[in-house]
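These are my notebook entries on a structure I wanted to look through element by element. I wrote down what I looked up and what I found, in the order in which I went.

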Amino acid sequence: MSHVSHVDTVRQQIRTQFEELGFRLTEPPAETILIRSGHFCGRRFHQGEAYAVWLIEENRIIFYDNQGTELLVLTSPVAERGTSRQAARA
């Protein structure tokens, strides 16, 4: 799977999860590229009430509300066989 395919897959998963978490999307989330120590490490997706961070090396997406509370973690979001979901610890 190419990087473009990975990004498209992650974008779709993020849109779906925002809606499943109860955040209505009226437009696509705003995207920001994340750089760590001068290297691309992921993307941040923000939509009004919440945001998600896709960490490339860890191969996971973490969803947060705007207060920084972790809501959900998706592990292996770009795996060929599917996605694991893990609820955030309260």
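Entry 1, the hairpins. I began with the hairpin of β1 and β2, which has 2 residues between the strands, and noted that serine 37 takes a positive phi near 50° there. I was working from a predicted model, and I read every value below with that in mind. Serine 37 sits in the loop between β1 and β2 (39-47), and a positive phi is what I found in this residue although it is a residue other than glycine.

With 23% relative accessibility, asparagine 59 counts as partly exposed.

Entry 2, strand pairing. I looked up how β1 and β2 run relative to each other, and found that they pair in the antiparallel sense over 7 bridges. As one example I wrote down alanine 30, whose bridge partner in β2 is histidine 46. Between β2 and β3 I found 6 bridges, and these two strands also run antiparallel. Here my example was glycine 42, which has leucine 55 as its bridge partner in β3.

Entry 3, salt bridges. How many salt bridges does a search of the whole structure find? The search gives 3, and I took each of them in turn. In the entry for arginine 11 and aspartate 8, the side chains meet with a distance of 3.2 Å, N to O. Both residues lie in helix α1, 3 residues apart, which is about one turn of the helix. Arginine 11 is partly exposed at 25% relative accessibility, and aspartate 8 is partly exposed too, with a relative accessible area of 41%.

The side chain of arginine 11 also meets that of glutamate 31 in a salt bridge, at 2.5 Å, N to O. Because arginine 11 lies in helix α1 and glutamate 31 in strand β1, this pair ties together parts that are 20 residues apart in sequence. I noted glutamate 31 as partly exposed, its relative accessible area being 33%.

Glutamate 31 forms a further salt bridge with arginine 43, where the closest N and O atoms are 3.0 Å apart. This pair links distant parts of the chain, glutamate 31 being in strand β1 and arginine 43 in strand β2, 12 residues apart. Arginine 43 counts as buried, because its relative accessibility is 14% and the limit for that class is under 20%. Taken together, Asp8, Arg11, Glu31 and Arg43 are linked in a network of salt bridges.

Which residues of the largest nonpolar core touch the most other members? Of its 15 residues, these are Val10, Ile14, Phe18, Ala52, Trp54, Ile61 and Phe63. At least two residues of this core come from each of α1 (3-20), β3 (50-55), β4 (60-65) and β5 (70-75), and α1 gives the most, with 4 residues. Apart from this core I found another one, of 6 residues, among them Val53, Ile62, Tyr64 and Val73. I also listed the contacts of valine 10, which touches Phe45, Trp54, Ile61 and Val78, leaving out residues up to four places away in sequence. As background I noted that in soluble globular proteins nonpolar side chains tend to be buried together.

I finished with nonpolar side chains on the surface, where Ile33, Ile35 and Phe40 form a patch with about 290 Å² of accessible area together. Isoleucine 35 is found in strand β1 (residues 30-36).

Conventions. Residues are numbered from 1 along each chain as its sequence is written. This is a predicted model: local features need pLDDT of at least 70, side-chain atom pairs count only at pLDDT 80 or more; totals for chains, interfaces and linings use all residues. Side-chain values use heavy atoms; hydrogens and water are left out. Patches are made of residues with over 30% relative accessible area and no salt bridge: like charges are joined within 9 Å, nonpolar side chains (Val, Leu, Ile, Met, Phe, Trp, Tyr) within 5 Å. Accessible areas come from the Shrake-Rupley method with a 1.4 Å probe; for residues, only the protein chains shown count as cover. A salt bridge is a side-chain nitrogen of Lys or Arg within 4 Å of a carboxyl oxygen of Asp or Glu. A nonpolar core is a set of buried Ala, Val, Leu, Ile, Met, Phe, Trp, Tyr and Cys residues joined through side-chain atoms within 4.5 Å. Buried means under 20% relative accessible area, exposed over 50%, partly exposed in between (1.4 Å probe, protein chains only). Contact means heavy atoms within 4.5 Å. Two strands pair if DSSP finds at least two bridges between them.
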